[in-house]
Amino acid sequence: MTVSSGDTTAHLDVDRILSLFQLSKEQLHMVMCRLREEMERGLSRDTYQEAPVRMLPTFICSLPAGRVNGSFLALDLGGTNFQVLRVRFGSPCEGVKHVVSETYRISHELMQASGQQLFDYIVDCIARFLSNQNIKEPLSLGFTFSFPYKQIGLDQGILLNWTKGFNIPHCVGKDVVQLLREAIQRWQVPMGSHNS
């Protein structure tokens, strides 16, 4: 295989551009120290409100010890997509046996709609997933909410502010798990326990 001079020039251009993003050990150390300082500011009671990196405590005190067994629903609201998953755990030796998921698009209009419209859409997606997967039994539910919120309990989280293009002012300052529960009740979707 022969290499043309055009290919060589392109490689040199790519190498030149990539070199702009290479950091020395000193620069990496400086970035590491700065990030640590910002995280410490985010953890401090005195500076957390204005910190660019907010570090909020969680109420996850321990990790599963391998005794989890059965099927669970997992929800992930992280931006322009919403994902519903069914995770099936086996014995401690088997771990996760099976995962089935469906992804639903969050439209720009929905990102600007009311909280009730957003959470009703989420529950509609859950209902479609349950129907598509022929799931009839109530399952325990985990909810990953990838926006800044203050977790005040294992299943309670107060939305601090929206990011990623969302702008639904009515939800700010509200417990997003409770908003989800209310939508589930409105839709009368059979669910087990809910955790955030």
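In this predicted model, a polar atom of the side chain of Q151 lies 3.2 Å from the backbone oxygen of G153, and the side chain of Q151 also reaches the backbone oxygen of L154, at 3.5 Å. A polar contact is a pair of N or O atoms within 3.5 Å; within protein, one must be able to donate a hydrogen and the other to accept it, and residues adjacent in sequence count only if both atoms are side-chain atoms. Q151 belongs to strand 5 (residues 149-153). With a relative accessible area of 8%, Q151 is buried (buried means under 20% relative accessible area, exposed over 50%, partly exposed in between, with a 1.4 Å probe and protein chains only). Residues are numbered from 1 along each chain as its sequence is written. The model being predicted, local features need pLDDT of at least 70 and side-chain atom pairs count only at pLDDT 80 or more, whereas totals for chains, interfaces and linings use all residues; side-chain values use heavy atoms, with hydrogens and water left out.

The protein chain contains 5 helices and 7 strands. Helices (H or I, at least four residues) and strands (E, at least two) are DSSP runs, numbered from the N terminus. Their order from the N terminus is α-α-β-β-β-α-α-β-β-β-α-β. Of the 196 residues of the protein chain, 30% count as buried. Among contacts in the protein chain with a separation of 6 or more, 52% are accounted for by residues 24 or more positions apart, where contact means heavy atoms within 4.5 Å.

Helix 4 has 18 residues, which at 1.5 Å a residue should span 26 Å; the end C-alpha atoms of helix 4 are 26 Å apart, in agreement with that value. The expected span of a helix is 1.5 Å times one less than its number of residues. The buried residues of helix 4 are G115, L118, F119, D120, Y121, I122, V123, C125, I126, F129 and L130. An α-helix has 3.6 residues a turn, so residues three or four places apart point the same way. The cover over the buried residues of helix 4 includes strand 1 (70-77), strand 2 (81-89), strand 3 (96-105), helix 3 (108-111), strand 4 and helix 5.

The largest nonpolar core has 38 residues, of which F82 and F119 touch the most other members. A nonpolar core is a set of buried Ala, Val, Leu, Ile, Met, Phe, Trp, Tyr and Cys residues joined through side-chain atoms within 4.5 Å. At least two residues of this core come from each of strand 1, strand 2, strand 3, helix 3, helix 4, strand 4 and helix 5. Helix 4 supplies the largest share, 9 residues. In soluble globular proteins, nonpolar side chains tend to be buried together.

F119, in helix 4, is buried with a relative accessible area of 1%. Apart from neighbours within four places in sequence, F119 is in contact with F143, C171, V176, L179, L180 and A183. F119 and L179 are 60 residues apart along the chain, and their C-alpha atoms are separated by 6.8 Å. F82, with residues up to four places away in sequence not counted, touches L75, D76, L77, E102, T103, Y104, I106, I122, C125 and I126.

R128 is also found in helix 4, but counts as partly exposed, at 34% relative accessibility. Leaving aside neighbours within four places in sequence, R128 is in contact with Y104 and Y121. The C-alpha atoms of R128 and V84, 44 residues apart along the chain, are separated by 9.8 Å.

The count of disulfides, defined as pairs of cysteine sulfur atoms within 2.5 Å, comes to 0. C171 is buried at 0% relative accessibility, whereas C33 is partly exposed, with a relative accessible area of 30%.

N134, not a glycine, has a phi of about 55° and lies in the loop between helix 4 (115-132) and strand 4 (140-145). N134 is exposed, with a relative accessible area of 53%. For K164, likewise a residue other than glycine, phi is near 60°. K164 is found in the loop between strand 6 (156-159) and helix 5 (176-187), and is partly exposed, with a relative accessible area of 42%.
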